[in-house]
Amino acid sequence: MASTLAPPVHDAKRSDASLQRHAEALHAAVSDLVRVYQFRDRDCICCHDISVTQCYALEALSEHGPLRLGALADRLYLDKSTTSRVVGALVRKGYVEPRRESGDRRAAALVVTRAGRRLYERITADLVEQQKALLQDLDPAIREGVTQVIRRFTRAAEARFLSGTSVGSCGPAACCGPEG
């Protein structure tokens, strides 16, 4: 006698509950990671007499420069006035300098100085050593997978940020009511 097995029924409620739990766990994990890394970076970077934001600017200029102030502001997700203050501090400390562009007398590109490059390389080396300590006990395939997942999350978050869209109920109306 042949038994007839019904096809598996997709339990939407169970799947939704599972997705909800995983999303909540991911939110908590990412929040914790960002918070810890901000403090870790602050503690490591600030001993070099620059702020974390100044270090991000130095990194952007080292990796993608020379950049005009507006392009740097866009890369840092800051407004121009905040970026101008950040750059001003780096210029006063001798880590960045403005260079006039030949085609436009008003426009200046921001360039990392030799001292700024050395500082950026020293900070990066310190942070990479910390990452090595975190990764050393993991299987190489897992190391690769962790990096890929973090890059994927970063690209997705950046795409949503740049497009002005969000996922779910995020935004002024959701957080602050209809008045924004």
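Predicted model: local features only at pLDDT ≥ 70, side-chain atom pairs only at ≥ 80, totals over all residues.
In which loop is Pro66 found?

1. Pro66 sits in the loop that runs between helix H2 (52-64) and helix H3 (69-76). The peptide bond joining Gly65 and Pro66 is cis, with omega of about -5°.

2. Tyr77 occupies the loop between H3 and helix H4 (80-92). Although Tyr77 is not a glycine, its phi is positive, at about 60°. Most residues other than glycine have a negative phi. The relative accessible area of Tyr77 is 37%, and the residue is therefore partly exposed, the limits of that class being 20% and 50%.

3. Helix H6 (residues 140-163) contains 24 residues, which at 1.5 Å a residue should span 34 Å; the end C-alpha atoms lie 35 Å apart, in agreement with that expectation. At the start of H6, a side-chain oxygen of Asp139 comes to within 2.9 Å of the backbone nitrogen of Ala141. Just after H6, Gly164 adopts a positive phi of about 80°.

4. A nonpolar patch on the surface is formed by Leu26, Val30, Val34, Val149 and Phe153, whose accessible area together is about 380 Å². Helix H1 (12-45) and H6 each contribute at least two residues to the patch, and H1 provides the largest share, three residues.

5. Phe153, one of the patch residues, belongs to helix H6. With a relative accessible area of 40%, Phe153 is partly exposed.

Notes
Residues numbered from 1 in each chain as written. Heavy atoms only, no water. Helix = DSSP H or I, 4+ residues; strand = E, 2+ residues; numbered from the N terminus. Buried < 20%, exposed > 50% of the residue type's maximum accessible area, 1.4 Å probe, protein only. Expected span 1.5 Å × (residues − 1). Polar contact = N/O pair within 3.5 Å; in protein donor to acceptor, adjacent residues only side chain to side chain. Patch = residues over 30% accessible without salt bridge, like charges linked within 9 Å, V, L, I, M, F, W, Y side chains within 5 Å. Areas by Shrake-Rupley, 256 points an atom, 1.4 Å probe, with all protein chains shown as cover. Salt bridge = Lys/Arg side-chain N within 4 Å of Asp/Glu carboxyl O.
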